[in-house]
Amino acid sequence: MEIQSNFSLKKYNTFGIEASAKQFVAVHSIDELKTVLAENKNEKKFILGGGSNMLLTKDIEALVIHIDLKGKKITKEDDDFVWVESQAGETWHDFVLWTIDNNFGGLENMSLIPGNVGTTPVQNIGAYGTEIKDTFVSCEAMNIATQEIKTFENAECNFGYRESIFKHEAKDQYIITSVIFKLTKRNHKINTSYGDILAELAKNNITEPTLKDVSNAVIAIRQSKLPDPKELGNSGSFFKNPILLKSDFEKIHQKFPEMKFYEVSETEVKVPAGWLIEQAGFKGKRFGDAGVHKNQALVLVNYGNATGQEILEVSKEVQKTVFETFGIQIEAEVNVI
């Protein structure tokens, strides 16, 4: 375990931004993590997972601790369910594929989401009608100040739409080290409620889809819309889909009757941010090496040598124009550093 100075983070963020860490160390065990935290109590720290949900706009003047804890195991099971624990440094998509290979159901709709397992509860990631909170049982997290391990049960995490306790009350206080999910072994609840999935399955003449069929459909959809970060720097969806009160939305909808929306409760609707951005004229628009992806307007991209600041400026211009056009505020889903 070696602490390195002036370390390039280009390979450690999916935008491929060239930025450096004052100091950098990768930890591969709980003991290593405890040691690093204990021996660097007075150092400013920055915790790095898969680097998929952040935009680096500057060098990080801190000790960057890369969480590289690996391993997954079944902790208990019965006839219907299995409880699976994954260490925080496992790649999310690889973990999802492992659950599907074992015929464990519940995560298939979240195939191909970038990042590591440990950061999934922070954002309460989700896709195609499912979210982490639906299968999340608990996670273990290390207190940065004391190095004590605390277990957070589902109810304690205050999950919301791309929200959790780890973005608010517990922010910068804990490092998630492992996560436990409760998955089905039989009588799987196959969720094909989204039209894109149904269309993809129909294209392949699949009428009774398996977990693998749903996962393959999601992968095909995501690959058709979203660029591979290894080929074109990005962090997936840059913006959250705005949720509006129905009373506010109805006024806007009268002016823009073609606006797409989904009901999320009796009083709220969700508007696709990608649709708003596309209608505002940004889809496929390029500003030097920063831009908006040609197939999915939710995704901001680095065409090669964009700085984080340049991508941030594009995001601000998108937000400003969407608000001026529709009167709707869209928020960044990505953490801007």
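In this predicted model, G291 stands opposite V301 in β19. The two residues belong to a pair of strands, β18 and β19 (residues 300-302), that run antiparallel and are joined by 3 bridges. Both strands are part of an open sheet of 4 strands, whose order is β13-β19-β18-β17 and whose pairing is antiparallel. At the edges of this sheet stand β13 and β17 (286-287), each with a single partner strand, so that one side of each is left without a neighbour in the sheet.

A second open sheet, also described by 4 strands, has the order β1-β2-β5-β3 and mixed pairing. Here the edges are formed by β1 (4-8) and β3 (45-48), and because each has a single partner strand, one side of each is left without a neighbour in the sheet. Neighbouring strands of this sheet are turned against each other by 45° on average, with direction ignored. The strand β1 is joined by 4 bridges to β2 (residues 20-27), and the two run antiparallel; within β2, S20 is the residue that stands opposite S8.

**Annotated positions**

The UniProt record, an unreviewed entry, lists R162, S237 and E333 under "active site". These residues are spread over 172 residues of sequence, yet they cluster in space, with a largest C-alpha distance of 11.5 Å. S237 is found in the loop between β13 (233-234) and β14 (243-245), whereas E333 has its place in the loop between α8 (308-326) and β20 (335-336). Is each of these two residues buried or exposed? With a relative accessible area of 26%, S237 is partly exposed, while E333, at 13% relative accessibility, counts as buried. When residues up to four places away in sequence are not counted, S237 touches L298, V299, E333 and V334. With its neighbours within four places left aside, E333 is in contact with N53, Q123, R162, S237, F238, F239 and K240, a list that includes both of the other annotated positions.

**Nonpolar cores**

The largest nonpolar core has 46 residues, of which L9, F239, M259, L276, I277, I311 and V318 touch the most other members. Two or more residues are given to this core by each of β2, β3, β4 (54-55), β5 (60-67), α6 (246-255), α7 (273-279), β18 (290-292) and α8. The greatest contribution comes from α8, with 6 residues. For M259, the contacts beyond four places in sequence are with F249, I252, H253, V271, W275, L276, F326 and I328. Another core lies apart from this one and has 35 residues, V82, Y128, F136 and V214 among them.

In helix α2 (residues 92-101), the buried residues are W92, H93, F95, V96, T99 and I100. Seen down the axis of α2, they fall within an arc of 160°, so they line one face of the helix. Their packing partners are β6 (72-77), β7 (81-87), α3 (120-123), β12 (174-184) and α5.

In helix α4 (residues 195-203), the buried residues are I197, E200 and L201, and because they cover an arc of only 100° around the axis, they lie on the same side of α4. The cover over these residues includes α5 (211-225), while the face of α4 turned away from the buried side carries the exposed residues A202 and K203.

**Asparagines with a positive phi**

Most residues other than glycine have a negative phi. Against that background, α2 is followed by N103, whose phi is positive, near 60°, and α4 is followed by N205, with a positive phi near 55°. N124, which is not a glycine, likewise has a positive phi, of about 45°.

Definitions and conventions
Residues are numbered from 1 along each chain as its sequence is written. This is a predicted model: local features need pLDDT of at least 70, side-chain atom pairs count only at pLDDT 80 or more; totals for chains, interfaces and linings use all residues. Side-chain values use heavy atoms; hydrogens and water are left out. Two strands pair if DSSP finds at least two bridges between them. Axes are lines fitted to C-alpha atoms, for helices over the stretch in contact, and angles run from 0 to 180 degrees between N-to-C directions. UniProt positions are given in the numbering used here, feature names are shortened, and annotations may be inferred rather than shown by experiment. Buried means under 20% relative accessible area, exposed over 50%, partly exposed in between (1.4 Å probe, protein chains only). Contact means heavy atoms within 4.5 Å. A nonpolar core is a set of buried Ala, Val, Leu, Ile, Met, Phe, Trp, Tyr and Cys residues joined through side-chain atoms within 4.5 Å. The arc is that of the directions from the helix axis to the C-beta atoms.
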